[in-house]
Amino acid sequence: MYQGKFIFTQIMDRAPWRRFQTCVDRYRGDRNVQTFKCSDYFRVMAFAQLTYRESLRDIVACLDAIPEKMYHMGIRSGISRNNLSNATKQRDWRIFADFAQILIEQAESLYGHDAKPVGIDATVYALDSTTIDLCLSLFPWAPFRKTKAAIKLHTLLNIQGDIPEFILISNGKLHDVNVLDYMAFQAGAFYVMDRGYLDFERLYKINQAKAFFVTRAKKNTQLTRRYSHPVDKTTGIQCDQTVVLTNEDSFSTYPEPFRRVRYYDAQLDKRFVFLTNNMSLPAKLIADLYRSRWRVE
C-alpha cells in the first residue's frame, strides 16, 4: 500500500504557513477560537475549491466520508456545517486577502525566468469580467434584474503564468469600465482590454501613470489622422496611424495623440481596430498583445 503523502497535503506543504500565521495574528483571527483555527478553515476551503464542492453541505459530506484521512490532510478539527458557516461569517477576510498577495508573489517568482508570452520585456495584464447569476431571494444584496441577482467578477490576469493579480467582486450592475477606478497602474506595464473599457478619461490616467493600454475602438469613436506609418500588409496589418480625438468633450479628457492599428485576422475572417498609447512597438505586436487577452476568457 502506498504510504506517501496525499496530493492535497503536498500542495498545502507548498504554502508558507509561518507567513499565514503572521496574517492571522495581524487581524487576531484566532482570538477566542478553541478549535477550528484559521489554518483549518483555509485548508477546508482550499479542499472545497480543488475538488469542486458546491455548498457547505457538499463539503461536509465529502470530508465525513474520509474521517481517517483528515488528520493526514492537516485538518485537525471536526467539520460541521455550523462551524463552517460561523467561520465564514466571523473570520476577517483581510487575513486571506493578505495571504493571497503572498501566494501571488510566490507564484510570480516561479515564472520570473520564463520567456515572455508575447516576446516583449514588459508585464502584460489582461482585464476582463464575468457575470455569475445568483438567486435573488438568497442574495438580495446583489440585485441585477427584477427577478435575478448576480455578481461580477473583475479579474486582472498577468499572462506570464496566468496569475490573477487583482480581483474585484461587485454587484451585477457595475459597468466594466468602473473597475479601472479601483486599480493602481504599474509604469511600463501593458493593460489589454476589450472595448467595454473604452473611456478616454480613464485611459488617460493609464497614460499619465506611464503605463500602456491596448483596447478596441468603437464604431462611433471620432478620430482624425495625423500621420500614417508604413506597414507590411502580408502580416495582416492594414494601417498604422497616429490619431487624435475630434470630439471636443473626449479631447478634453484625452488631449494627446495615440495610435490606431487596423488588423485583419485571416483565421477568424474578421477586422479589428486597436487603440494604444504605445507609439514604438511594431503594429503586428500590438495585434499579438490583444490576442493574448483571450487567455483571461
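The second largest cavity in this predicted model holds about 40 Å³ of space. A cavity here is a set of points, on a 1 Å grid over the protein atoms alone, where a 1.4 Å probe fits but cannot get out, and its lining residues have an atom within 4 Å of a point. Grid points are joined across faces, edges and corners, and a volume is the space filled by probe spheres set on the points. Around the second largest cavity sit Y263, D265, F272, F274, A287, Y290, R291 and W294. At least two lining residues come from each of β9 (258-265), β10 (270-276) and α10 (283-292), with α10 giving the most, 3 residues. Helices (H or I, at least four residues) and strands (E, at least two) are DSSP runs, numbered from the N terminus. By class, this lining has 6 nonpolar, no polar and 2 charged residues; Ala, Val, Leu, Ile, Met, Phe, Trp, Tyr, Cys and Pro count as nonpolar, Asp, Glu, Lys and Arg as charged, and the others, Gly among them, as polar.

In total, the structure has 2 cavities of 30 Å³ or more. The largest has a volume of about 50 Å³ and is lined by K116, P117, V118, I120, A122, V124, N158, I159 and Q160. That lining splits into 6 nonpolar, 2 polar and 1 charged residues.

Then there is the largest pocket, at about 2000 Å³. A pocket is an open set of points with protein on both sides within 12 Å along at least five of seven lines. It is lined by 36 residues, of which F42, Q49, F96, A100 and L103 are the closest to its centre. Two or more lining residues come from each of α1 (7-13), α3, α4, α7 (93-111) and β4 (163-171), and α7 takes the largest share with 11 residues. The pocket lining comprises 27 nonpolar, 5 polar and 4 charged residues.

V44, F47 and A48 of α3 touch I59, C62 and L63 of α4, contact meaning heavy atoms within 4.5 Å. These contact residues divide into 6 nonpolar, no polar and no charged.

Residues are numbered from 1 along each chain as its sequence is written, and side-chain values use heavy atoms, leaving out hydrogens and water. Since the model is predicted, local features need pLDDT of at least 70 and side-chain atom pairs count only at pLDDT 80 or more, while totals for chains, interfaces and linings use all residues.
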